[in-house]
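Let's take a friendly walk through this model, from its cores to its central strand pairings and on to its pocket. Have the sequence and the 3D view open as you read.

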Amino acid sequence: MISERSCGALVYTKIDNELKYLVIKQKYTNHYGFPKGHMEKGETKEQTAIREIYEETNIKVDLNNTIFKEVYYEPKPGIKKEVTFFLAKALNTNFTIQVEEVLEIHWLNEKEVLNMLTYENDKDVFKYLTEGIGLLL
């Protein structure tokens with residue numbers, strides 16, 4: 001069994017006094033989720049998440065490393081994947097799409113996010129991490 005590790009975040013901000021969340025559409029899998037990517041040698045989980053968010057969206061974040069959720073799944077037979085999602089506050093809201101990996105980027109409210117996310121795992125991550133936002137506001 002091959003093990004893979006990725007890290008990303010639920011990125012949030014306030015736009016017009018309403019909480020908005022960053023959702024991307026992945027180019028190769030065609031699914032809606034959160035920015036994430038593979039850890040590089042020597043990186044911490046936090047460094048990976050910050051780098052991947054910036055590479056995919058051009059958004060800088062303030063990452064909270066005390067509020068996170070880990071998920072496990074098998075994307076293909078024989079591959080076990082572990083993904084750590086942190087909670088991260090956007091420091092800018094203007095994004096640039098990384099055309100090699102991302103098809104779309106959206107700032108959405110809670111209801112829109114839950115309607116758009118492709119996988120139940122991502123919906124569970126969203127519900128868990130949004131509880132943490134209340135502790136920070």
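Setting aside neighbours within four places in sequence, V113 is in contact (heavy atoms within 4.5 Å) with Y21, V23, F34, L108 and F126. Apart from this lies another core, of 16 residues, which includes C7, V11, I53 and A90. A nonpolar core here is a set of buried Ala, Val, Leu, Ile, Met, Phe, Trp, Tyr and Cys residues joined through side-chain atoms within 4.5 Å. Buried means under 20% relative accessible area, exposed over 50%, and partly exposed in between, with a 1.4 Å probe and protein chains only.

The largest nonpolar core has 18 residues, and F34 and V113 have the most contacts inside it. At least two of its residues come from each of β1 (2-15), β2 (18-26), β5 (61-76), β6 and α3 (120-136), and α3 gives the largest share, four residues. Helices (H or I, at least four residues) and strands (E, at least two) are DSSP runs, numbered from the N terminus.

## About the model

This is a predicted model: local features need pLDDT of at least 70, side-chain atom pairs count only at pLDDT 80 or more, and totals for chains, interfaces and linings use all residues. Residues are numbered from 1 along each chain as its sequence is written, and side-chain values use heavy atoms, with hydrogens and water left out.

## Strand β6 and its partners

Ten of the twelve residues of β6 are buried, so this strand is largely enclosed by the rest of the structure. Strands pair if DSSP finds at least two bridges between them. Eleven bridges join β6 to β1, and the two run parallel; S6 has V83 as its bridge partner in β6. Eleven bridges also join β5 to β6, here antiparallel, with Y73 opposite K81. The hairpin of β5 and β6 has two residues between the strands, and G78 takes a positive phi near 85° there.

I79 lies in β6 (residues 79-90) and counts as buried because its relative accessibility is 15%. Beyond its neighbours within four places in sequence, I79 is in contact with M1, I2, E4, Y73 and E74. I79 and E4 are 75 residues apart in sequence, yet 7.2 Å apart in space, C-alpha to C-alpha.

## The largest pocket

Which residues lie nearest the centre of the largest pocket? They are T29, H31, K36, Y73 and K81, out of 22 lining residues. The largest share of the lining, four residues, comes from β5. A pocket is an open set of points on a 1 Å grid over the protein atoms alone, where a 1.4 Å probe fits, with protein on both sides within 12 Å along at least five of seven lines; lining residues have an atom within 4 Å of a point.
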